[in-house]
Amino acid sequence: MKPGKYYIETNFTYVGTGLAYVQAGRTDYYNGYGNYMRSEPIYQGYNYTYLDSKVESKIVTVKEDGTTVDIKV
């Protein structure tokens, strides 16, 4: 490349996965006399996938003609 400043940009798309929990109900606890004591949530896990994209950019300076410049974007 000829000497100068260059703007490098890349756009990439990827698929991600995750694990999440949602409250599915509640468990109620009572004492031996039938009086309500407390309640605790019940959680159910589920897997999900998502599609996303990202744009990364960088300005690169080439100092000499024919020079190769390695960059991390």
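Figure 1. Ser-39 sits in strand 2, which covers residues 36–62; strands here are DSSP runs of E with at least two residues, and helices are runs of H or I with at least four, both numbered from the N terminus. This is a predicted model, in which local features need pLDDT of at least 70, side-chain atom pairs count only at pLDDT 80 or more, and totals for chains, interfaces and linings use all residues. Residues are numbered from 1 along each chain as its sequence is written, and side-chain values use heavy atoms, with hydrogens and water left out. Look for the polar contact of 2.9 Å between the side chains of Ser-39 and Asp-28. A polar atom of the Ser-39 side chain also lies 3.5 Å from the backbone oxygen of Thr-27. (A polar contact is a pair of N or O atoms within 3.5 Å; within protein, one must be able to donate a hydrogen and the other to accept it, and residues adjacent in sequence count only if both atoms are side-chain atoms.) Leaving aside residues up to four places away in sequence, Ser-39 touches Arg-26, Thr-27 and Asp-28, where contact means heavy atoms within 4.5 Å.

**Figure 2. Gly-45, also placed in strand 2.** Gly-45 is partly exposed, with a relative accessible area of 38%. (Buried means under 20% relative accessible area, exposed over 50%, and partly exposed in between, with a 1.4 Å probe and protein chains only.) Beyond residues up to four places away in sequence, Gly-45 touches Leu-19, Ala-20 and Tyr-21. For Leu-19, the C-alpha to C-alpha distance to Gly-45 is 6.8 Å, although the two are 26 residues apart in sequence.

**Figure 3. Lys-5 in strand 1, residues 4–30.** Here you can see an exposed residue: the relative accessible area of Lys-5 is 66%. Which residues does Lys-5 touch, not counting those up to four places away in sequence? They are Ile-59, Val-60 and Thr-61. Val-62 is 57 residues from Lys-5 in sequence, yet their C-alpha atoms are 6.3 Å apart in space.

**Figure 4. The whole chain, for orientation.** The chain has zero helices and two strands. Its radius of gyration, taken over C-alpha atoms, is 28 Å, well over the 11 Å that the globule rule gives for 73 residues, so the chain is more spread out than a compact globule. (That rule is 2.2 Å times the number of residues to the power 0.38.) The C-alpha atoms fill a box of roughly 90 × 20 × 15 Å along the principal axes. Of the 73 residues, 8% count as buried.
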